[in-house]
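Hi everyone, thanks for coming. Let me put the structure up, and then I'll talk you through a few parts of it.

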Amino acid sequence: MAEVDHLAAERATARFDVEEMKVAWAGSRHAVHVADRMARLVASDPVFRKDNRTMLSRKELFKDTLRKAAHAWKRIVELRLTEEEADLLRQYVDQPGYVDLHWGMFVPAIKGQGTEEQQHKWLPLAYKFQIIGCYAQTELGHGSNVQGLETTATFDPKTDEFVIHSPTLTSSKWWPGGLGKASTHAVVYARLITEGKDYGIHGFIVQLRSLEDHSPLPGVTLGDIGGKFGSGAYNSMDNGVLRFDHVRIPRDQMLMRLSQVTREGKYVHSNVPKQLLYGTMVYVRQSIVADASKALSRAVCIAVRYSAVRKQFGSQDGGPETQVLNYKTQQSRLFPLLASAYAFRFVGDWLNWLYTDVTQKLEAKDFSTLQEAHACTAGLKAVTTSVTADAIEECRKLCGGHGYLNSSGLPELFAVYVPACTYEGDNVVLLLQVARILMKTVSQLASGKQPVGTMAYMGKVQYLMQCKSAVSSAEDWLNPDAIQEAFEARALRMAVNCAQNISQAASQEEGFYERSPDLLEAAVAHIQLIIVTKFIEKVHQEIPGHGVKEQLQALCNVYALYILHKHLGDFLATGCITPRQGALANEQLGKLYAQVRPNAVALVDAFNYTDHYLGSVLGRYDGDVYPALYEEAWKDPLNETVVPEGYHEYLRPLIKQQQLKLSRL
Ligand SMILES: CCCCC/C=C\C/C=C\C/C=C\C/C=C\C/C=C\CC/C=C/C(=O)SCCNC(=O)CCNC(=O)[C@H](O)C(C)(C)COP(=O)(O)OP(=O)(O)OC[C@H]1O[C@@H](n2cnc3c(N)ncnc32)[C@H](O)[C@@H]1OP(=O)(O)O
Ligand SMILES: Cc1cc2nc3c(=O)[nH]c(=O)nc-3n(C[C@H](O)[C@H](O)[C@H](O)COP(=O)(O)OP(=O)(O)OC[C@H]3O[C@@H](n4cnc5c(N)ncnc54)[C@H](O)[C@@H]3O)c2cc1C
């Protein structure tokens, strides 16, 4: 706790119990406690220092990442941390590195696609870090189009081996995190060829480097693909390039849970949907949604605290200046982002539940919810990451000039976060997947097939296509049914409009292609409906703690009405609401901002972030921003000497030359 609390007055105006809000945010009292312990463990350990990160060279940064990963592992073993604790500890270390891919994709790929025997063999090695793995799918020539990958795995029945080969330059694996320098093994996705036939993409466990001296194995060419956007940020990760020259692996290193190749070379596909091959991506997409709320809440925490400290204008008569947080424009830019952080947190929890439920059904050979899992993970990943990336940049602007300093933490957060819009599926490509499923659902309505899950609202097509909102005052927009109906009608009407337009094209495929910009918007409307619905459902639950439910209710309304205001064109064009009702929603939004204002600092305190994790002089818990900014500036390597290096070579001769010229005049 800080000695001087410059934000004490702000904290005193909160109308709710912050400790209970921490529980609502984290999910349980236990979750608050564990997260708190792990965050403090990391913050108090000098090895995990990160304030100098943006000043390190790429090589220094990479070595620092290796050091932190090794130290984190040492602490996890020494303290016998549980899986939950270890995950949190790694999260608070807050530096992307090979371990993210080892635990986040390599292990899940083996768990999801390996047979029991394969799991038995490989997982214990991975769990103890006797091998380090990555996920090598994307190639130089293809990322989005997984079916277009070119690497081959040709079965050789003579030796009972697969021959892994990169036939072209574009078949080089390109991007996998951890591949460039750290991994000893990879799950490699390649075209399976046996008995002269190409059976498409399958996963294979391939050793890449020696376990003795880390040198690449014969036939394997490996390296890092080069520096990436921003200083520090994702440059701690060794995204890599990999080529194979007829590398042989035993047949049993093909991941054989979904399909097998027999000793004789026969291809056998189990009676399961082939899309299960994409299971690891589905798993990571749902975790990315949970991460979006973390990244967004960090940015919002910094911007809210700083906006409460920063004062500008309003004191002509010598009185106090205005806190920038009191400007209505600051509130209308910032509070929807605060509400979005909470909205993404709750939809992330729900998505995690859905994922677990679908996984259990898959175990029981029930594949009926696979499409729902794909649509929800793809769509929510796309919307939450796009919003979060834009929001971090907005928070930087909300912090004025100081937001542009590395010490604000925002440039690095933006640089590290923005590739989330691309990795694990480009957001446009993923939204088009959602749109395809929407079009399929609309086309099935005529046959009387009742849509289920998050598409169930489409079953009310007769009503939703013609309903008119009953809102007649600003307060009417506080009724969740009014919000729900408007969002459902907008999403359905946009989808039906697209379907009608597509049906007029020469073919379904051509219509889909021509109408894809509209389809993207329809997919976004559907996903926003899911987020709003899950927030409303959350607020309907019993939520303990003085004032907590009321605050969440207000944030839920802010989120919904902000989306309505921002996409008013959709709501009006589809005739769901009138211009007057749109204006009433905006009026209510202004009232909600006033309600949020006294609670704003406490609402970001509820995220319970340590100053170490926030990594921002502007977002400090104690609000003592100016001395920290001043002190931080002097730490820059440029300030190590009063006269800069290069003065004698470049500045002095220039100045002297000009002086000489002037003296001649
Ligand atoms: C200050 C800061 C300091 C540091 C801070 C530190 C941290 C910052 C904070 C946060 C960081 C954030 C997150 C971190 C967490 C994790 C991320 C870590 C690292 C990132 C690693 C990245 C890895 C990767 O990118 S791996 C590669 C991913 N690649 C892709 O996603 C490729 C995308 N393409 C596809 O998925 C597919 O090709 C396609 C687009 C879906 C098309 O597939 P195709 O087979 O061609 O199918 P279609 O013909 O379109 O469809 C056929 C049929 O299948 C259905 N389908 C498709 N996919 C699925 C599926 N997954 N599941 C189920 N069904 C599916 C489709 O609907 C269709 O069905 P139908 O036949 O019924 O119509
Ligand atoms: C930081 C980072 C980490 C990564 N880590 C890994 C990893 O660990 N393992 C791994 O295998 N891969 C990894 N990747 C690769 C990543 O998964 C791909 O870059 C991603 O899936 C996008 O594919 P692409 O690069 O082929 O983009 P492209 O598909 O080439 O996209 C280019 C443009 O084309 C558009 N586009 C493409 N197809 C369509 C379409 N059908 N309709 C309309 N527009 C379209 C896209 O919207 C985009 O604007 C990583 C990438 C990054 C940036």
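Predicted model: local features only at pLDDT ≥ 70, side-chain atom pairs only at ≥ 80, totals over all residues.

Residues are numbered from 1 along each chain as its sequence is written, chains are lettered from A and ligands numbered from 1 in the order in which they are written, and side-chain values use heavy atoms, with hydrogens and water left out.

Okay, ligand 1. How many residues surround ligand 1? There are 30, counting a residue as near if one of its heavy atoms lies within 4 Å. The closest are Ser-144, Gln-275, Tyr-278, Glu-424 and Lys-440. For polar contacts with a ligand, I mean a pair of N or O atoms within 3.5 Å. A polar backbone atom of Glu-424 is 2.8 Å from an oxygen atom of ligand 1, and for Gly-425 a polar backbone atom is 2.9 Å from an oxygen atom of the ligand. Gln-433 uses its side chain: a polar atom there lies 2.9 Å from an oxygen atom of ligand 1. On its own ligand 1 exposes 1,500 Å², and the protein buries 78% of that; these areas are Shrake-Rupley with a 1.4 Å probe.

Which elements give two or more residues to that shell? They are α6 (98-113), α8 (279-309), α11 (410-417) and α12, with α8 giving the most, five residues. Helices here are DSSP runs of H or I, at least four residues, numbered from the N terminus. By class, the shell around ligand 1 has 13 nonpolar, nine polar and eight charged residues. The nonpolar class is Ala, Val, Leu, Ile, Met, Phe, Trp, Tyr, Cys and Pro, the charged one is Asp, Glu, Lys and Arg, and the others, Gly among them, are polar.

On to ligand 2. It has 20 residues around it, and Tyr-135, Thr-138, Ser-144, Gly-177 and Asp-426 come nearest. A polar side-chain atom of Ser-144 lies 2.5 Å from an oxygen atom of ligand 2. Thr-138 has a polar side-chain atom 2.7 Å from a nitrogen atom of ligand 2, and a polar backbone atom of Tyr-135 is 2.9 Å from a nitrogen atom of the ligand. The classes are ten nonpolar, eight polar and two charged.

Now the helix, α19. Its buried residues (under 20% relative accessible area, 1.4 Å probe, protein chains only) include Leu-584, Gln-588, Leu-592 and Val-596. An α-helix has 3.6 residues a turn, so residues three or four places apart point the same way. The buried residues of α19 pack against α9 (328-363), α17 (548-566), α18 (568-573) and α20 (600-605).

Last, two single residues. Is Cys-301 buried or exposed? Cys-301 counts as buried because its relative accessibility is 0%. Cys-301 sits in helix α8 and, leaving aside neighbours within four places in sequence, is in contact (heavy atoms within 4.5 Å) with Val-604, Phe-607 and Leu-614. Glu-632, in helix α22 (residues 625-634), also counts as buried, at 18% relative accessibility. Beyond neighbours within four places in sequence, Glu-632 is in contact with Asp-51, Ser-407 and Val-617.

Methods. Polar contact = N/O pair within 3.5 Å; in protein donor to acceptor, adjacent residues only side chain to side chain. Buried < 20%, exposed > 50% of the residue type's maximum accessible area, 1.4 Å probe, protein only.
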